[in-house]
Amino acid sequence: MMNSNQTTAVSSNASVEAANINLSFAQKLPFASGAFGGCLIWTVVMSYLTYFWTDVALLPAALVSGFLMITKLWDAINDPIIGYLSDRTQTRVGRYKPWILSFIPTAVLGVMTFTVLPGAGKSAQAIFSLSAYFLYVLSYTCGEVPGQGLLAAVTTNDRSRGSVATFRTCGSYVGSIAISAVFLPLVVSFGKGDMPKGFFWAVLLTTIVSIPFSIYQFLRVKERVTIPVSRHKLRDSFHTLKGNAPFWIFFVAFFTYGITSGTTSARMYYWTYSYGNSDGMTTNITLWMVGAMIGALMVNYAVKRVKKKSTICIVGYIICGIVNFALFFFKLTAESAASAVMLFHVVTCLAGVFMGISTVGMYGILPDITEYTQWKYHIRISGFISSILNCSYKLSLALGAAVFVAVIDAQGYIPNTVQNTSVISSINIFLHLVPAACMCIAGLIMTRYKIDSNTYQSMVHDIASRSDEE
């Protein structure tokens, strides 16, 4: 027997099957555009924010570690709330599409996050930095979480969803490649020895460039899965997590993988202090992202040839873990031969390929959990499901970054000086060995994910038939 909330949710289940269409290139392109624009500033945050706070804004490393955990605990609170609100949004243009406009405050707050206040003391700078980043995280969530729900609202065709995920991820990687290749040179060019000035103007230019791409996404994307706004309460959304095995398998795997994203912040420290020249960072991170984009493109073909999309994630995670394990043994220094540095870049690119494969594979699976949840619990809550899964990634990302900064601080890290051997060793461990372990574990976890293409099609058909049977 269903309650009134369930009746509302299934009253147009036929639209789920009716929206089972194969999207054209033009219909997928807005996702690549929006991801490109959004990822420009996000890549800067991921790659340089920790370094900016410790070595440019000169905030204590222990305080930075605390910053990262506080903001992600805040994320843990606001993610499900934003997801719940997006599921209850009802506008002329759709349920999730209006939330794309959050890119406007996100752009402003991104610039503020990389601003050093002239003449401010450490306390004033710390309060300003935390406040700006605190609000940036909320604003970014307002676009990212509904954006994940949007993937489940444009089509129910599982192959097309995989392709959309590829477009979205490739857009992100192209943005990451572009900004990785030019950001540090821009900082040097704008700053002319003044690092705070260089970061500010480089971030401001990055933000201005990103805006038209987000506008294009808002104007061109279209929701096709028409589901009336369910009047369920937030506790009903949380109830759908009980016994939701595919959800929890994805949650744990994504959490484990997220730790590796957090330790990415060690890359700038590796090239600045382990190798001794930050110029290598630009080449290394660019090739890493090029590899990731190649991997993402490979998924578009692989998803058509496998019965279980989780197979793509498993292979990507485990091989990426093995490659990162190999990178740990390079231990580059300023005395390393040019051939060794080049080989390191090539192997890093290879690690990027399998990271791209696993990332796109996971995002291709995420919308399927929406159908599973609706099939089992009679409530379609794409935004909420996406928010909780996204939250697992953000929490682990913060954990990886915060623990990294806390460890090097405990080992005696002093910004802008030669580091001791313990700090150098810790940087290498967090950049390579920790990701190696986490990737392999995430791959093993995904072997427990059982939904294949036949199961998915059966669920979609069953959901659509309920409007007649119930």
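Author: The questions below concern this predicted model.

Reader: Why is C39 called buried?

Author: A residue is buried when its relative accessible area is under 20%. C39 has a relative accessibility of 10%, so it counts as buried.

Reader: What makes C142 buried?

Author: The cut-off is again under 20%. C142 stands at 15% relative accessibility and therefore counts as buried. Of the 470 residues of the protein, 61% are classed as buried.

Reader: Which secondary structure elements does the protein contain, and how many?

Author: The protein has 17 helices and zero strands.

Reader: Why is the protein called as compact as a globular protein of its length?

Author: The globule rule gives 23 Å for 470 residues, and the radius of gyration of the protein is 22 Å. The two values are close, so the protein is as compact as a globular protein of that length. Its C-alpha trace spans about 70 × 45 × 40 Å along the principal axes.

Reader: What share of the accessible surface belongs to carbon and sulfur atoms?

Author: These atoms account for 68% of an accessible surface of about 17700 Å².

Key:
Residues are numbered from 1 along each chain as its sequence is written. This is a predicted model: local features need pLDDT of at least 70, side-chain atom pairs count only at pLDDT 80 or more; totals for chains, interfaces and linings use all residues. Side-chain values use heavy atoms; hydrogens and water are left out. Buried means under 20% relative accessible area, exposed over 50%, partly exposed in between (1.4 Å probe, protein chains only). Helices (H or I, at least four residues) and strands (E, at least two) are DSSP runs, numbered from the N terminus. The radius of gyration is taken over C-alpha atoms; the globule rule is 2.2 Å times the number of residues to the power 0.38. Accessible areas come from the Shrake-Rupley method with a 1.4 Å probe; for residues, only the protein chains shown count as cover.
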